[in-house]
Amino acid sequence: MEKFGFALSKARVIDFDANDRSIVSYILEREPSLNLCIECGCCSAACTTGNFTGFSLREIHILLKRGENEQVRQKIRKCMLCGKCILVCPRGVNTRNVVFLAKQAFAKNEGYEF
Amino acid sequence: MKAMNFDPFVIPFNIGLYFILIYAVVRSVIWFRELSRPDKLRLQRGFFGKAFGQSLKEIFLESLIHRKILRSNPRLGYMHMSLAFGWFLLILFGTIEADIFGERHLNPPYKAIFFKFFSPDHGKTFFEASYAFLMDLILAFILSGLLLAVTKRFSSMVVGMKKTTKLKPLDKVALTSLWLIFPSRLIAESLTSGAYGTGSFLTGNLGAALASFLPANELAYPFWWLYSLSLGTFFVLLPLTRYLHIPTELFLIFMRNSGIRTGDKPGSFSEVEVHSCSSCGMCIDVCQLGFSAGIHTIQATYLMKGIRNSDYIHDIAYNCLMCGRCDQICPVGIEISPIRMIVRRIEENERVYENSWNGYFRNRLNVPVPKQDNKPSYDFLPAPASKKADVLYFAGCMTHLTPSIKKAMVRILDASGLNWSFIDEDGGVCCGRPLMLAGNDKEARELINFNSQLIWKSGAHTLVTSCPICYKVFRESYYLDVEVLHHSQFIKKLIDEGLVNLNFLQKRVTYHTPCELGRRSGVYEEPKEVIRHVATLEPTGYDDENSLCCGGSLGNIMLSQEKRHGIAADVTAKLTANDPDSLITACPLCKKTLAQATSSTVMDISELVAGAIADAPALKKNPSRNKQKVVRVSEASL
Amino acid sequence: MKKNEEKSKVWRDYQKEIADDHFFYVRSCIRQSFFPGSEQFFLHLLRDVLGKDVYENPSHTTCTGIGYHADVVPFSTIQTVIARHYSLMKEAGYKNIAISCVTSFGIYTEILETWKHFPEELEKTREYLYKATGREFDVPENVVHTSDIIYKFRDAIAAKAKYPLVNQLTGEPLRVVEHIGCHYAKIFPKYGVGGAEFPHVLSGMIESWGGQVVDYPERRHCCGFGFRQYLVQANRGYSLSNTVKKFSSMQPFKPDLVLTNCPGCTMFMDKWQYTIKEMEGTTFGANGESIPVLTYEELAALVMGYNPWDIGLQIHMVQSEPLLRKMGIEFDPHDKFLTKDGRQMPIPENLLNS
Amino acid sequence: MNQHVIVIGGGTAGMEAAGRLATAGLSVTLIEKGKDLGGHLRNWYHLFPDRRSSDEVLEYLKGQVSHQNIRLLTGQRVTGLQRKGNEFIVSTGNGEAITGDAVLLATGFDLFKSERKEEYGYGIYDNVISSADLEAMFRKKEVKLVNGRKPERIGFLHCVGSRDEKAGNIYCSKLCCVTAVKQAIEIRKIFPAARVFCFYMDMRMGGALYEELYKEAQEKYSVGFIRGKVSEVAVNINNRLVAKVEDTLVGRPLKMELDMLVLMAGMEMAEDGIRLADEANLQRGENRFFKPADHHFGTNTGNVKGVFYAGACTAPLNVTETISHARSAVTEIVSYLNTGRK
C-alpha cells in the first residue's frame with residue numbers, strides 16, 4: 001500500500017440488504033410500538049444522557065431499523081433508563097423497553113433469527 | 001367383639017405418611033445446607049431463642065387460624081381455617097382418643113386415623129359418646145369448610161374472590177384426593193357406626209339411616225380403603241403440588257422470625273418463600289394490572305408457580321408495576337417484590353435452579369457467574385462539582401418535566417430562608433433507581449457514585465428531593481451521611497420549625513400516595529399532615545397501605561402506554577369520586593400520569609403549599625441536624 | 001425484448017444533429033499519449049475507409065479542461081482558448097467540429113451554451129482573443145464528439161465486420177459494459193445521443209456489432225477520475241473507491257469488456273484495475289482475470305479485423321488476449337511488442353491478464 | 001327564468017355541479033370527452049381515509065346527474081369557447097355549437113407522466129409502476145410482478161412530479177402522501193408477508209383522518225418510512241430493482257433492493273384545460289392551474305365574467321374538497337345569473 005500513498009476509503013452506503021436486522025426484529029416482536037416512531041426527536045431533546053453527550057434515542061431507533069447494529073451497540077449503554085423519553089413521546093413509543101430489549105438482544109448474541 | 005390391630009387397607013396411608021415425613025426431613029436439610037453462613041447462625045439462634053415461641057404463636061395464628069385472611073376476607077378465611085385448623089384438631093383429638101380408648105397406649109398413627117375401624121363398637125358409654133360427639137363436631141367443621149372450597153372452585157364469587165388461581169393437572173389430582181379424604185371418612189365411619197349402632201349426631205344418624213336399607217358392614221370396608229387411599233395419594237403427591245406450602249410455611253415462619261430476609265440473590269429463603277405460596281390468589285385481586293389493564297398472567301401467585309416449575313418467567317418478572325400491593329396483602333408474608341427483583345437480576349438465559357426427580361426436588365445449579373465487563377457505561381459524565389450549601393435540592397429527571405413543581409419548590413426553599421442549592425438545576429444525572437428496577441445494578445452504581453460525590457462535595461446536612469423514586473434510592477442505596485428528605489417531609493419540617501407561614505386555603509382535596517413514597521418508603525403521615533395544614537383533606541378509601549399505583553411506574557418496562565393510561569383513568573376516577581377541588585400527589589411521575597387521565601386538576605403537594613405561602617416574613621431558625629438511620633442496600637434491595 | 005425497445009423509446013427522444021462530412025478534428029491530451037492507436041484509427045477509418053474529409057490543424061492546443069476542472073484555469077481563459085480553436089477552424093473554412101475528448105466536448109458545449117445565455121461573455125471572449133492574437137472566430141454549426149460520428153457510421157462498420165461481438169467459444173453475444181464519460185451527456189442531455197439516463201451512443205454500436213449491453217446498478221456512476229479527486233493525492237483513495245464501487249456492481253454480470261468513450265474513463269478503469277489488484281488482490285473479470293477496457297475506435301478496429309497490436313491494445317494495463325480469444329481473432333504473441341520495423345520494444349511489467 | 005349553463009368536464013366536480021344546478025332549476029348541458037362519466041374516479045379502487053370503494057361515490061354522482069334538466073354529451077371534445085355579449089358559445093367535436101348563459105369549467109387534472117422522471121425507469125424497467133397502475137391492479141384484483149410472482153418488498157416513492165423543479169412543478173400535490181399510505185396498507189392486506197417502504201421528503205398528512213391512517217399503517221401494517229428522495233433506480237443481476245436514496249435521518253446514502261416500485265404521480269393541470277384557457281384567454285397561475293379571482297373568497301371565478309371553475313382544475317383537491325368546491329361554484333353561478341350577471 002505504501003507504494004501508492006493512498007488507500008481505499010470505506011463505502012458509507014447503508015447496504016439495507018446486507019445489513020443484519022435480527023436485533024430490530026427481536027425488539028419489534030416484543031415491543032411493536034417501535035414502529036410508531038416518526039423520528040420527531042422529542043425523546044432526544046428530553047434525554048438526561050443527551051444532556052451530557054450526543055446520545056440520541058431517535059438515532060438509535062433509526063439505526064436499529066436500518067440494521068446498523070455496531071453503532072447502536074456502542075451508543076446504547078449510555079442510556080440511564082430514566083424514562084423521561086416515554087413521557088414526552090407523541091406516538092406512545094415505549095422507548096425505555098426498546099433500549100432494554102436492545103441491550104438484551106446484544107447480550108444474547110446477535111445470532112437471533114426472527 | 002375383639003378389635004384387630006391391623007388391616008391391609010391402612011397400607012396406602014402408611015406409605016404416604018412415612019414418605020412425606022422422610023421427604024420433609026430431607027428437603028429441610030437441603031434448604032438448611034444451602035443457607036448462607038450468617039443465616040445458618042440466625043436460624044440456630046432463632047430456633048433456641050425467644051423467636052421460637054413467637055414462631056409457634058404465628059404458626060398457630062396464621063397457618064392454622066389464618067388470621068390475616070380472616071381479617072381481609074372472612075369467608076375465605078373460614079374456609080382455610082376450617083380445613084387447616086379442623087384437620088389439626090381431628091388429628092390431635094384422634095390421637096388422644098386412640099390413646100385413651102384403644103386397648104393399648106402409644107399406637108401407630110393409623111390406629112388413630114382409622115380408630116373407628118379398629119374399635120367400631122366404641123361409643124357406647126356416655127363418656128365415649130360425648131367424645132364421639134366432639135369428633136363428629138370437628139368433622140362437621142371441616143366438611144363445612146370443604147363445602148366452601150368445592151363451591152369456590154366452581155364459582156369463586158361465593159367466597160368473595162374475583163379470580164381464582166389456575167391449576168396444573170397434578171394439583172387437580174391432589175385436590176380431588178384432598179376433597180375425598182373427609183367425605184370418605186364420613187361415609188366409612190357412618191357405615192361402621194350404622195353397623196354397630198354407635199357414632200354420634202353426624203356419623204351415628206347418617207349411619208343408622210344408611211344401615212336401614214344398606215348392608216352397612218359389608219359396604220363400610222371399601223370406604224375405609226377409599227379413605228386410606230385418598231390420604232396416601234394426597235401425601236405422595238403433596239411435594240409436587242402447591243400443597244407443599246402446608247409444611248413449608250412452618251419452615252418459613254421459623255426462618256423469618258430468626259431474622260432471615262430475602263436479599264438480592266436467589267437462595268434457600270427465597271426458595272422456601274416460593275414454596276410457601278398457597279396460591280390463595282389474594283394477590284390477584286389487588287393487582288391493578290389485573291383489574292385495570294386486563295393482564296391476568298403475571299400476578300405474584302403465577303410468579304411463584306413459574307419459579308417452582310422453573311418455567312420461562314421473563315415476562316412475568318418484568319411486566320409488573322412494582323407497586324407493592326401484593327407484598328402488602330400476602331397472608332403468608334412472602335416478600336414478593338424482592339423475589340421479582342431477583343428474577344430480573346438473573347440473566348434470562350442462565351438458570352439458577354432446576355427441577356429434578358420429576359419435580360420432587362429442585363437442585364441449585366452452580367452456574368458460573370457471568371464475567372461482567374468493567375467498561376464504564378457513563379464515562380462521559382463530567383467531574384462532579386457542586387457549590388457549598390446546608391440544604392441541597394435534587395429535583396430529579398421527572399421533575400424537570402413538571403416545571404410547576406420545580407417552581408413551587410424554589411419558591412418554598414427561598415421562603416424558608418435556608419442556605420440551599422439546586423444541584424440538578426440544569427439537568428442532573430439520573431438517581432439510578434430506574435436502572436436498578438431493570439436489574440442493571442452495576443450501571444446504577446456508576447450513577448450512584450457520581451451523585452454521591454456531588455452531595456459530599458457540597459457539605460450539606462440535608463438533601464431534599466421532589467421525586468419519591470430518587471428519595472427511595474437515596475435513602476437505601478446511597479452511602480450518605482446527610483438527612484434525606486422527600487419534599488413533603490421537608491415542608492413538614494419547615495412548618496414545624498416555623499420557617500414558612502402558610503395560609504389555610506378553602507379547598508377540598510384528596511391525596512394520592514405514591515407507591516415509592518408510601519408502601520416502598522413508609523412515608524404516609526407527613527404529606528397528609530402538610531395537606532391538612534393548608535386544606536381540607538378528604539379520605540378516598542384508597543389511602544396509605546391501600547393506595548393505588550398511578551400506572552406510570554418505572555418498575556414496569558413492558559407496559560404499553562394505553563394500558564398505563566387505562567390504569568391512570570381508573571385511579572383518577574376513584575380518587576376524584578367525590579369531586580374534590582384538586583387531587584394532590586407527591587410525585588412528578590404520578591402527577592404527569594394522573595393529569596393526562598382526568599379533567600380535574602392534579603397538583604403536587606409542593607404546588608399546593610407554594611400557593612399557600614403567606615407573605616409575612618418567616619422567623620429564622622436552624623433546621624434540626626438529627627441524622628436519619630441509613631438503610632443498607634442489602635436488606636432493602638427493594 | 002421489451003426492456004430494450006422500451007429503452008430505445010427513451011433515447012429516441014434525444015436525437016442530435018451529427019454532420020456527415022468535413023470535420024475539424026481536435027485531439028485529446030490523454031488519448032494521444034496513452035492510446036494513440038484510437039485517434040490514429042479514427043482518422044484512418046474516416047479518411048481512408050469511409051472517405052470523409054477530416055482536417056486537423058497542427059497548431060491546435062489542449063482545451064485546458066483538466067486545469068479548468070482543477071480550478072487552476074479561469075473561465076475567461078478557457079473561453080479564449082476554445083475561441084482560438086474556433087478561429088483556426090474558421091481559417092480552414094470548417095463548420096463542423098469533431099472533438100476526440102469528452103472533457104473537451106463538455107467544455108465546448110458548456111461554453112457555447114454560456115454564449116447563448118450570456119452574449120456579453122461571447123463579446124468579451126471575441127475581445128480577449130482579438131487583443132491576444134488578433135484572431136476572429138465564428139461559432140461552429142455542428143459540434144459532435146467523435147463517438148457520435150462512429151455511432152452515426154456504426155452500421156457501415158457492421159457491414160464490414162469480420163469479427164462480430166460474439167463469443168466464438170459459446171456462440172453467445174459478448175456481454176459489454178458501456179461507460180459514458182460524465183461530461184458527454186450529464187451536463188447537457190440534449191447534446192448527447194440518448195440523453196443522460198440511457199445514452200445510446202455506445203450501446204448503439206454494441207447492438208449493431210452483435211454484442212449485448214449490460215445494464216447494471218452503477219451503470220451511470222463516475223469512473224472515479226473526478227479531476228480534483230485524482231489530481232490531489234490525498235483524495236485518490238476516494239477516486240479509487242468509486243472505481244471499486246462501479247466494478248463490484250458490474251462484476252456479477254461477468255462482462256467480457258468495458259467500452260468507453262471518454263479518455264479519462266478509459267485510462268482510469270484500465271489502470272485502477274491494476275492498482276486495486278495490487279492493493280486488495282481483487283480482480284473483477286471471470287476466473288480471476290481483469291476486464292479489458294477499450295475505446296470505441298479500438299473495438300471498431302477489432303470488429304473490422306485489424307491487427308490488435310497495430311491499434312495498440314498491448315499498451316493497455318489490462319491485456320485483451322482473453323477477449324481476442326473469445327472473438328476468435330488470430331494474433332501473434334511474438335510481434336506483440338515489436339516495432340513496425342521489427343525492433344523489440346521494452347516489455348512493461350505486471351501487465352494484467354498476461 | 002330557464003337559463004342555461006354549460007358544464008365542461010364530466011368528472012367528480014362536473015357531475016356534482018351539474019346535478020346541483022339542475023335541482024336549482026337551471027337547464028344544464030354536461031360535456032364529457034370520455035365515453036363514460038366519472039373521470040379519474042373510475043380508475044380508483046378505494047378512497048382514503050376510510051378506504052370506502054370509489055364506486056359508491058360514483059353511484060352517488062350518477063344519481064346526481066340523472067335529472068331531466070340535464071343534457072349529457074359524452075364522448076365529445078370541446079373545440080371552442082367564445083364569449084358573445086352576455087352569452088357563451090361552446091363548440092364541440094361534432095361541429096355542434098351550444099349557447100349558454102354561463103360556463104362552468106370542471107376540466108380537472110392529469111396525472112404527472114412518470115416516464116418524464118427517466119431516472120426512475122418507468123416504462124423501462126419491469127415492476128416500476130405508477131400509483132394509477134397500482135389502483136388498476138387493485139381493481140382487477142391481480143397485483144403481481146411482470147413475471148407473475150408476488151412481490152416481497154415494495155417501495156412507494158413520494159413526490160414524483162410534485163415539489164420538483166426539474167419536473168417543472170414546485171407545488172405539492174398534497175394527496176400523494178396519503179395515497180401512498182393507503183396503497184401501502186392495501187398491499188399489506190393482500191400480501192401480509194410483504195415488506196413495504198415509503199420514501200418521502202415530508203409526510204403531508206393534512207386532511208381529516210390522514211394522520212390516523214399514517215399511524216395505522218405503522219401500527220397494524222408495520223410500513224417502513226425512509227426520509228429521502230430516491231435519486232436513481234437500477235436493476236441488479238437478479239433482475240431486482242435497486243433504489244438509491246439518502247437516508248437523510250441517518251445522514252448516509254442507502255441502497256435497497258425492491259421487487260416493485262410504485263411512483264406516486266403528482267397532479268398537473270389537464271391538457272384540455274390549458275387548451276381552453278388559451279382559447280378563451282383565461283388566466284392561469286404559476287402552477288398552470290386556473291388562476292382564481294381571489295384565493296380566499298373567489299376560488300370559483302377567474303378573469304372572465306361568466307366563466308366559473310370547479311374542482312381540481314384550480315388546484316390539487318381530494319374528492320371531498322372537489323365536491324364542496326363544485327357546490328360553491330353552483331351558488332356562485334346562481335347568484336351571478338340572478339343578479340343580472342354582475
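Here are legends for a few close-up views of this predicted model. Residues are numbered from 1 along each chain as its sequence is written, while chains are lettered from A and ligands numbered from 1 in the order in which they are written. In this predicted model, local features need pLDDT of at least 70 and side-chain atom pairs count only at pLDDT 80 or more, but totals for chains, interfaces and linings use all residues.

**View 1. Chain A meets chain B.** Four pairs of chains are in contact, and chains A and B share the most contacts; two residues are in contact if their C-beta atoms, placed from the backbone, lie within 7 Å. Chain A brings 22 residues to this contact, and chain B brings 22 residues too. On the chain A side, α5 (84-88) and α6 (95-107) each supply at least two residues, with the largest share, four residues, coming from α6(A). Helices here are DSSP runs (H or I, at least four residues), numbered from the N terminus.

**View 2. Chain A meets chain C.** Look for eight residues from chain A and eleven residues from chain C.

**View 3. Chains that stay apart from chain B.** Chain B and chain C do not touch, and their nearest C-alpha atoms are 33 Å apart. Chain B and chain D have no contact either, with their closest C-alpha atoms 13 Å apart.

**View 4. The domains of chain B.** Follow chain B through domain 1 (67-239), domain 2 (261-364), domain 3 (391-494) and domain 4 (496-610); these bounds come from an automatic or database domain assignment. Between the C-alpha centres of domain 1 and domain 3 of chain B, the distance is 61 Å.
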